[in-house]
Amino acid sequence: MKAPKIGLVLGSGASRGWAHIGVIEALEKHGVEIGVITGASAGSFIGAAYAGGGLEQVKKFALDMDWKAVLSYLDLAFPRSGFIEGHKVAELVELFTRIDKFEDLNIPLIMVATNMFTGQEVTLSTGSITQALRASMAVPGLLTPKLIDNEWLVDGGVVNPLPIDVCRNAGADIVIAVDINSERITNKKNPPQDADWVKNAEKMEMKRLEVIKSWTDKFGSRGKTLSTKIDHWFSREAPSPHIFEVLGSSINIMQKKIEEMNLLTHAPDVLLSPRLGDMSFFDFDHAERAINEGNKCCEKFMPEILSKIDQFSDQN
């Protein structure tokens, strides 16, 4: 009997990416050995941590994270090509991947990015892991683009948020895909100002103060003008959503629509869809819930996963 090469596809989805940790833990618990990983954005980050032997450290970091810690990794840039420079994100990546080069990873890993001028999908599987991650995670409008091999690259989720086809092309016999955007489009049009709304508003107020201080320190005499603009962006009295909410929600909707189209032509053998529809783009401090939901979802489908592995082995 021949054991199948199992491919794991980790989709993009910002804070919901913590769910990938729970999925991987469930697979490991049942002895499912992954032969290749493909990922976009948050999926690339968790994939790199797992393939590089740093997943436990990432999990601890995620569970210890509070809103202040989230803010500490937002090194704001003057808004020319993105609000966040990404240097601190790169530092974070280096803490958990342990390995510098793709070639030295325990499991083959392919990340997806997007050429921002041609719209072409770019796969990254050689050279610097950190540089590739900065490109694959460069959410348009939020993180600045990354220049690699004379190409300006942005988030892979722009063209392929769930790179199932990339995994197939890498030789996977069985593909397990984790879609963390499955419930992103909801019927909740105008959320009431309930306890959760108040909690989120308090978070945004904290963020507003941190941003003002950061930009004032960085831009000196221009700080006052920038602070005024930031006050407008994050105003709690304004009836309209703040700018980061607009960007995050728009990207989520775009990625979900792309996924729906891609799944029509590139279906995985097993599709895992953790129920995280009410987690927003920046809810990185909700890691425990996301990890648990990822684990629960994978456990639910484990009989199907193990059955497909057995069927392949029996036929080969």
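Reply: Lys59 forms a salt bridge with Glu25, and their closest N and O atoms are 2.9 Å apart. A salt bridge here is a side-chain nitrogen of Lys or Arg within 4 Å of a carboxyl oxygen of Asp or Glu. This is a predicted model, so local features need pLDDT of at least 70 and side-chain atom pairs count only at pLDDT 80 or more, while totals for chains, interfaces and linings use all residues. Residues are numbered from 1 along each chain as its sequence is written, and side-chain values use heavy atoms, with hydrogens and water left out.

Lys59 lies in helix α3 (residues 55–64) and Glu25 in helix α1, so the pair ties together parts that are 34 residues apart in sequence. Helices (H or I, at least four residues) and strands (E, at least two) are DSSP runs, numbered from the N terminus. Lys59 is partly exposed, with a relative accessible area of 22%. On this scale buried means under 20% relative accessible area, exposed means over 50%, and partly exposed lies in between (1.4 Å probe, protein chains only). Glu25 is among the buried residues of α1.

Helix α1 is the part to follow from here. Nine of its eleven residues are buried, so α1 is largely enclosed by the rest of the structure. The buried residues are Ala19, His20, Ile21, Gly22, Val23, Ile24, Glu25, Ala26 and Leu27. Just after α1 comes Gly31, which takes a positive phi of about 75 degrees.

Glu299 forms a salt bridge with Lys29, with the closest N and O atoms 3.6 Å apart. Glu299 lies in helix α11 and Lys29 in helix α1, so this pair ties together parts that are 270 residues apart in sequence. Glu299 is partly exposed at 24% relative accessible area, whereas Lys29 is exposed at 63%.

The structure holds four salt bridges. An α-helix has 3.6 residues a turn, so residues three or four places apart point the same way. Lys60 is exposed, with a relative accessible area of 56%, and Asp64 is exposed at 52%.

By the rule for aromatic pairs, the count comes to one. Rings of Phe, Tyr and Trp (its six-membered ring) pair if their centres lie within 6.5 Å, and planes under 30 degrees apart count as stacked, over 60 as edge-to-face and the rest as tilted. Trp18 and Phe284 form an edge-to-face pair, 6.4 Å centre to centre with 80 degrees between the planes. Trp18 lies in the loop between β1 (6–10) and α1 (19–29), and Phe284 in the loop between β10 (270–272) and α11 (287–315), so the pair ties together parts that are 266 residues apart in sequence. Trp18 counts as buried at 6% relative accessibility, while Phe284 is partly exposed at 22%.

Five of its five residues are buried, so β1 is largely enclosed by the rest of the structure. In a regular strand the side chains alternate between the two faces of the sheet. From β1, Ile6, Leu8 and Leu10 point one way and Gly7 and Val9 the other way.

Two strands pair if DSSP finds at least two bridges between them. β1 pairs with strand β2 (residues 34–40) in the parallel sense over five bridges, and Ile6 stands opposite Ile34 in β2. Five bridges also join β1 to β9, and these two strands run parallel. Here Gly7 stands opposite Val175 in β9.

Strand β9 (residues 174–178) has five of its five residues buried, so β9 too is largely enclosed by the rest of the structure. Ile174, Ile176 and Val178 point one way from β9, and Val175 and Ala177 point the other way. Three bridges join β9 to β10, again in parallel. In β10, Leu272 is the bridge partner of Val178.
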